[in-house]
Amino acid sequence: MSDDKDKAINALLGFLVLPFIIALRGFVLVRLWAWFIVPFGIHAISIPEAAGLAMIVQFVTPHSNSEKEFNVVKDTGFAVGMILMGWGVGYVIHLFLHQ
């Protein structure tokens with residue numbers, strides 16, 4: 001019984017964290033878009049547009065999940081870390097392009 005309750009709490013926490021992950025991904029994509037796409041003359045995008053674009057890309061990109069269990073703390077930390085790492089790498093590249 002406790003295992004089912006833990007899974008339910010884990011799933012609920014996952015759904016509560018999801019809007020934060022989507023917003024963070026949209027925010028970072030807006031910055032990357034401004035640094036690398038806008039210089040080509042394409043208009044800037046808003047956070048909702050970027051979040052939607054990121055969700056479309058994630059939807060059509062194949063993913064493999066080797067783990068059977070979802071751990072909200074571990075998986076959220078990994079997702080946030082990857083988003084921030086992409087932002088950081090993009091920032092460093094942006095600095096090299098604008099020297």
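1. Start with G26. Setting aside neighbours within four places in sequence, G26 is in contact with I47, A50 and A51. Contact here means heavy atoms within 4.5 Å. G26 sits in helix α1. Helices are DSSP runs of H or I with at least four residues, numbered from the N terminus. At 0% relative accessibility, G26 counts as buried. Buried means under 20% relative accessible area, exposed means over 50%, and partly exposed lies in between, with a 1.4 Å probe and protein chains only. The C-alpha atoms of G26 and T61 are separated by 17 Å, and these residues are 35 apart along the chain.

2. A word on the basis. This is a predicted model, in which local features need pLDDT of at least 70 and side-chain atom pairs count only at pLDDT 80 or more, while totals for chains, interfaces and linings use all residues. Residues are numbered from 1 along each chain as its sequence is written, and side-chain values use heavy atoms, with hydrogens and water left out.

3. Next, α1 against α2. The axes of α1 and helix α2 (residues 47-60) come within 7 Å and cross at roughly 105 degrees. Axes are lines fitted to C-alpha atoms, for helices over the stretch in contact, and angles run from 0 to 180 degrees between N-to-C directions. The two helices, α1 and α2, are therefore roughly perpendicular to each other. Angles of 65 to 115 degrees count as roughly perpendicular, under 35 as roughly parallel, over 145 as roughly antiparallel and the rest as oblique. On the α1 side, the meeting residues include I22, G26, F27 and W33. On the α2 side, they include I47, A50, A51 and Q58. By class, this contact has 12 nonpolar, two polar and one charged residues. Ala, Val, Leu, Ile, Met, Phe, Trp, Tyr, Cys and Pro count as nonpolar, Asp, Glu, Lys and Arg as charged, and the others, Gly among them, as polar.

4. Now α1 against α3. The axes of helix α1 (residues 2-36) and helix α3 (residues 72-97) come within 10 Å and cross at roughly 5 degrees. That makes α1 roughly parallel to α3. The residues of this contact divide into 19 nonpolar, six polar and two charged.

5. Which residues make up the largest nonpolar core? They are I21, L24, V28, A79, V80 and I83. A nonpolar core is a set of buried Ala, Val, Leu, Ile, Met, Phe, Trp, Tyr and Cys residues joined through side-chain atoms within 4.5 Å. The elements that give two or more residues to this core are α1 and α3. L24 touches V80, I83 and L84, not counting residues up to four places away in sequence.

6. The aromatic pairs number three. Rings of Phe, Tyr and Trp (its six-membered ring) pair if their centres lie within 6.5 Å; planes under 30 degrees apart count as stacked, over 60 as edge-to-face and the rest as tilted. F27 and W87 form an edge-to-face pair, 5.3 Å centre to centre with 90 degrees between the planes. F27 lies in α1 and W87 in α3, so the pair ties together parts that are 60 residues apart in sequence. F27 is partly exposed at 34%, and W87 is partly exposed at 27%.

7. W35 and F36 also pair edge-to-face, at 6.3 Å centre to centre and 85 degrees between the planes. W35 is buried at 10%, whereas F36 is partly exposed at 23%. Ring pairs link W35, F36 and Y91 into a cluster.
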